[in-house]
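Here is a note for a colleague who is new to this model. The points below can be read beside the sequence and the coordinates.

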Amino acid sequence: AFSIAHIGVLTSGWASNNKYSMIGGMRSAAQLMAYEIPLLLSMAGVFLLAGSFDPVTIVEQQQEGTWLFGLPMWNIIPQFIGFIIFLIAGIAESHRLPFDIPEAEQEICAGYHTEYSGMKFGMFFVGEYLGLVLISSLITVLFFGGWMGAAFLPPIVWFSIKAGGFIAFFILLRAAIPRPRYDQLMTYGWLFLLPVSLLNLLITGAIILSAQ
């Protein structure tokens with residue numbers, strides 16, 4: 001889904017016939033490649049634990065194990081490193097601060113949507129906030145037990161509370177962290193997140209094999 005979205009961003013920047021828009025589109029494509037691989041690798045550890053790609057199976061698997069006081073062991077506990085990687089890469093994939101480099105107002109006007117206004121401009125932001133909701137929902141399902149919770153609230157309420165909390169976190173993050181330089185952004189994705197995500201996947205696989 002994120003790959004297709006970035007193709008649209010790159011094409012819109014190129015079609016604007018504006019150098020700032022083109023730079024923003026190229027930044028978006030490069031940022032996609034740097035952070036989508038760690039994003040997928042961080043999900044792979046959860047898939048190994050659940051033994052399935054099915055979201056329902058992943059949520060049910062998190063209810064089977066127990067932690068302290070008989071509480072369900074969500075994947076945030078055995079896959080804490082994977083969660084941190086997914087959180088950072090998800091912010092970068094959804095172009096939220098501090099990773100909104102493709103639309104950096106101080107550097108390249110407004111990036112890939114410099115020449116757009118009205119409904120077209122609005123659709124860019126609708127897509128960005130849909131990505132925010134998607135990332136928050138995936139975090140809830142993969143790492144925080146999905147829609148499962150105490151019986152006094154229905155599952156849809158538990159899911160909304162968890163996902164809504166991450167949406168609020170992403171929005172508040174905008175006012176807390178400064179934007180890095182573009183070279184720092186790419187270096188962090190390729191030279192830090194990618195090796196750490198591979199190491200996390202390797203350790204997870206080794207633990208599962210040793211337990212069998």
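1. Serine 16 sits in the loop between H1 and H2. Serine 16 counts as buried, at 14% relative accessibility; buried means under 20% relative accessible area, exposed over 50%, and partly exposed in between, with a 1.4 Å probe and protein chains only. Serine 16 and tyrosine 116 are 100 residues apart along the chain, and their C-alpha atoms are separated by 8.2 Å.

2. On the source: this is a predicted model, in which local features need pLDDT of at least 70 and side-chain atom pairs count only at pLDDT 80 or more, while totals for chains, interfaces and linings use all residues. Residues are numbered from 1 along each chain as its sequence is written, and side-chain values use heavy atoms, with hydrogens and water left out.

3. The overall content is eight helices and zero strands. Helices (H or I, at least four residues) and strands (E, at least two) are DSSP runs, numbered from the N terminus. In sequence order the pattern is α-α-α-α-α-α-α-α. The chain has 212 residues, of which 46% count as buried.

4. Threonine 11 belongs to helix H1 (residues 2-15). Its relative accessible area is 41%, so threonine 11 is partly exposed. Methionine 26 lies 15 residues from threonine 11 along the chain, and the C-alpha atoms of the two are separated by 9.4 Å.

5. Valine 46 is in helix H2. With a relative accessible area of 0%, valine 46 is buried. Between valine 46 and glycine 82 there are 8.2 Å in space, C-alpha to C-alpha, and the two are 36 residues apart in sequence. Glycine 82 is itself among the buried residues of H4.

6. How many of the 14 residues of H4 are buried? Eleven are, so H4 is largely enclosed by the rest of the structure. Among them are Phe83, Ile85, Phe86, Leu87 and Glu93. Helix H4 (residues 80-93) reaches 20 Å from its first C-alpha to its last, close to the 20 Å expected at 1.5 Å a residue; the expected span is 1.5 Å times one less than the number of residues. Just after H4, histidine 95 has a positive phi of about 60°.

7. Helix H6 (residues 118-143) has 26 residues that should span 38 Å at 1.5 Å a residue, and its end C-alpha atoms are 38 Å apart, which agrees. Its buried residues include Phe124, Glu128, Gly131, Leu132 and Ile135. An α-helix has 3.6 residues a turn, so residues three or four places apart point the same way. After H6 comes glycine 145, with a positive phi near 75°.

8. Valine 157 is part of helix H7 (residues 155-173). Valine 157 counts as partly exposed because its relative accessibility is 30%. The C-alpha atom of valine 157 is 7.7 Å from that of tryptophan 147, which is ten residues away along the chain.

9. The partners are the side chains of arginine 181 and aspartate 183, at 2.9 Å, N to O. Aspartate 183 is partly exposed, with a relative accessible area of 39%.

10. Met33, Ile37, Trp190 and Leu191 make a nonpolar surface patch of about 420 Å². Helix H2 (19-50) and helix H8 (182-211) are the elements that give two or more residues to this patch. Patches are made of residues with over 30% relative accessible area and no salt bridge; like charges are joined within 9 Å, nonpolar side chains (Val, Leu, Ile, Met, Phe, Trp, Tyr) within 5 Å. Areas come from the Shrake-Rupley method with a 1.4 Å probe. Leucine 191, in helix H8, is exposed, with a relative accessible area of 66%.

11. The second largest pocket holds about 150 Å³ of space. H4 and H8 are the elements that give two or more residues to its lining, and H8 gives the most, with five residues. The lining includes Leu49, Phe80, Ile81, Asn200 and Ile203. A pocket is an open set of points on a 1 Å grid where a 1.4 Å probe fits, with protein on both sides within 12 Å along at least five of seven lines; lining residues have an atom within 4 Å of a point. Its volume is the space filled by probe spheres set on the points.

Terms used. Salt bridge = Lys/Arg side-chain N within 4 Å of Asp/Glu carboxyl O.
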